[in-house]
Structures are given as C-alpha cells and as structure tokens.
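Hi,

Here is the structure I said I would pass on. Have a look at it first, and then read on for what turned up.

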Amino acid sequence: MPMQHTSVFHPDSPQARAIVHLFYFDLGIAVFIALTVTILVFIAIIRFRWRPGAPEPYQDPGNPKLETLWTVIPALILTALAVQNARTMRFVNRPVRDRSPNVVVMAHQWWWEYRYPQSGVVTANELHMPAEENWLLLIEAADVIHDFWVPDLGAKMDAIPGHPNHLWIEPHRAGMYIGTCAEFCGLEHALMGIRVIVQPKAEYAAWVKSQLVVPGPPVGAVAQQGARLFAERTCVNCHRIAGTPASGDVGPDLTHLADRETLGAGVLYNTLDNLARWIRRPQEYKPGCHMPDERLTGPEAHAIATYLEALQ
Ligand code: CUA
C-alpha cells in the first residue's frame with residue numbers, strides 16, 4: 001500500500017480541502033486580531049506609562065466615532081466568518097437528491113461494518129473505495145452513538161442509532177487513510193480504528209469481484225479441524241462466513257478475513273499467529289470487547305486461525 005496519511009493538513013478530497021481552507025481562513029482572522037490587540041497593548045504600556053510629574057491623563061467621556069468603529073468592525077468579521085462557514089457546510093454536506101448510498105457504514109461497539117448495496121459485498125473495519133469518485137456514505141449505528149472520521153478525506157459524521165446521516169467523500173489519490181471513531185462510545189472507543197483503502201478503479205473492481213467469491217471448503221486436516229471447531233463453538237452465533245451455516249451478524253463478517261490487513265478494528269496485524277492469539281484471548285488485546293474468551297487451547301485457536309486465514 002502507498003503511504004499512510006493521517007493529518008487534517010494533508011487533505012486528499014475536495015471535502016477535506018474545503019474544511020482545511022475554512023480553518024486557515026478562521027485562523028488568519030484570529031491571528032490578525034491577536035496581533036493587533038497585542039501590539040496596541042504594548043504601545044499603550046510603553047507610551048502611556050506613568051512617569052513622575054506626568055499630568056492626569058485625558059478623561060474621555062464618550063467617543064461616538066470610536067464606538068461605531070468597534071461595533072462595525074467585529075460585526076463585519078463575524079459576518080465574514082458566518083458566510084464562509086455556511087459556504088463550506090453547503091459544499092461539504094451537499095444535499096442528497098435521489099441518490100442511493102455507495103456504502104452503508106454501520107458502527108458497532110467497537111468495530112465498523114461496511115455494506116455495499118450495489119454489489120452486495122459486506123466487510124468490516126477496512127473500507128475499500130475507488131479513487132476519483134464522489135461517494136455517498138450512509139452512516140448508522142447499531143448500539144450507541146459513534147462518529148466516523150477519516151481526517152484526510154472528509155468531515156466527521158455522527159453515527160446515531162435510528163438516525164441515518166450522510167457523508168460525501170471523493171478521494172483524489174489511491175492510498176491508505178487512517179481514521180477513527182470520534183465520539184466516546186464506551187470502553188474500547190480508542191480502539192475503533194478505520195482504514196480506508198482507496199484503489200484505482202480497475203483494482204477496486206477486482207477487489208469487489210474477489211469479495212463476491214464464496215470460499216471453498218477448508219483444505220488440510222488443521223483447517224478442517226478449525227472449521228469444525230468454528231461451527232461447534234459459539235463463533236457461528238456472531239459471525240457470518242458465506243457458503244457455510246455461519247450467519248451471525250453480531251460480529252464482523254469473516255467470509256474474506258484473510259484479505260484484511262488488521263484484526264479487531266486495527267489492534268493487531270492480520271497474521272496467522274496474531275489471529276490465533278486474538279481468538280484465544282480477545283480480552284487481552286481489546287479489553288471489554290464483545291468477543292468472549294472461549295477458553296480454547298493453543299492448538300484449537302491455531303486450527304481456527306488456519307481455517308480463517310484461508311478465507312480470501
Ligand atoms: Cu465508537 Cu467511539
């Protein structure tokens with residue numbers, strides 16, 4: 001993957017750029033006011049300080065010119081700020097007219113589910129999207145309020161149960177973008193990472209195709225034992241794997257788990273050993289997460305991991 005981006009100051013979409021420009025505009029005005037006031041205060045301190053024998057300073061009973069000026073200037077500044085804010089908001093939160101979302105983002109405690117209504121792809125935590133397309137995301141939540149935020153690509157958008165919100169994102173370049181949940185949502189709020197993998201159009205199309213393939217039956221004794229354990233233990237109650245009876249929707253869809261770079265919404269890199277560790281002791285890597293400790297032995301966890309890592 002190309003470089004990782006994680007800074008609001010390196011916007012890679014028109015939406016994020018508009019937000020940064022608004023920030024610079026506001027910052028410019030704030031700095032100008034701060035400098036003006038500071039300089040005037042220093043001039044006053046130096047020029048008009050008390051000196052022995054100095055007369056009583058001139059007492060001004062009221063100055064209509066000055067009072068008008070210090071009312072009109074702040075009013076103009078506030079108007080400029082308000083207009084610029086409204087323009088940015090209108091651009092970033094463009095109204096949605098007769099357009100179905102490209103992806104439905106469902107926030108869960110503490111992971112992200114992505115459903116692509118057009119293709120039927122379902123995945124978790126790592127959002128794939130094509131470069132140079134203006135995408136509409138529908139943001140929802142399954143339990144409490146979360147907030148979807150990928151600083152380089154767009155605005156923050158609250159994920160509220162029963163109140164779908166919209167978010168436009170138009171990534172300019174292929175690359176990997178890091179985001180996070182930006183609304184305190186419980187114990188694992190800080191471990192609810194987002195990865196957005198922006199791909200050239202052809203590469204994205206190939207990814208969609210690969211996601212629609214139903215994985216074949218497990219090959220090899222260890223993977224077969226893993227599949228058996230997966231079905232016997234409570235794993236199937238929460239997870240879905242296409243082409244198997246596992247059809248739970250409480251936890252992430254695992255049909256193409258091996259395709260992902262990370263596990264547990266970014267807490268571990270997705271390797272065979274890490275997956276076995278995660279399956280064995282999820283609470284150690286993500287305390288409080290809803291994945292229970294099944295008290296599996298090392299070899300059992302390894303077998304399940306072997307099975308899942310073959311699901312590409
Ligand atoms: Cu989800 Cu904070």
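Of the 312 residues in the chain, 41% are buried. Keep in mind as you read that this is a predicted model.

First, the overall build. The chain has eight helices and 13 strands. Its radius of gyration is 27 Å, whereas a compact globule of 312 residues would come in near 20 Å. Along the principal axes, the C-alpha trace spans about 100 × 45 × 35 Å. Looking at contacts with a separation of 6 or more, 65% of them join residues 24 or more positions apart.

The largest pocket holds about 660 Å³ of space. It is lined by 35 residues, and the closest to its centre are His239, Gly251, Pro252, Trp278 and Met291. Four elements, α5 (235–238), β12 (262–263), α6 (272–280) and α8 (298–309), each give two or more residues to that lining. The largest share comes from α6, with three residues. If you sort the lining of the largest pocket by class, you get 22 nonpolar, nine polar and four charged residues.

The second largest pocket has about 430 Å³ of space. Its lining is made up of Phe32, Ile33, Thr36, Val37, Leu40, Leu66, Leu69, Trp70, Ile73, Pro74 and Ile77. The elements giving two or more residues here are α1 and α2 (64–92), and α2 gives the most, with six. By class, the lining of the second largest pocket has 10 nonpolar residues, one polar and no charged ones.

Where does Ser7 lie? You will find Ser7 in the loop between β1 (4–5) and α1 (14–47). Is Ser7 buried or exposed? Its relative accessible area is 18%, and the cut-off for buried is under 20%, so Ser7 counts as buried. Which residues is Ser7 in contact with, leaving aside its neighbours within four places in sequence? Those are Pro151 and Asp152.

Cheers

Key. Residues are numbered from 1 along each chain as its sequence is written. This is a predicted model: local features need pLDDT of at least 70, side-chain atom pairs count only at pLDDT 80 or more; totals for chains, interfaces and linings use all residues. Side-chain values use heavy atoms; hydrogens and water are left out. Buried means under 20% relative accessible area, exposed over 50%, partly exposed in between (1.4 Å probe, protein chains only). Contact means heavy atoms within 4.5 Å. On a 1 Å grid over the protein atoms alone, a cavity is a set of points where a 1.4 Å probe fits but cannot get out, and a pocket is an open set with protein on both sides within 12 Å along at least five of seven lines; lining residues have an atom within 4 Å of a point. Grid points are joined across faces, edges and corners, and a volume is the space filled by probe spheres set on the points. Ala, Val, Leu, Ile, Met, Phe, Trp, Tyr, Cys and Pro count as nonpolar, Asp, Glu, Lys and Arg as charged, and the others, Gly among them, as polar. The radius of gyration is taken over C-alpha atoms; the globule rule is 2.2 Å times the number of residues to the power 0.38.
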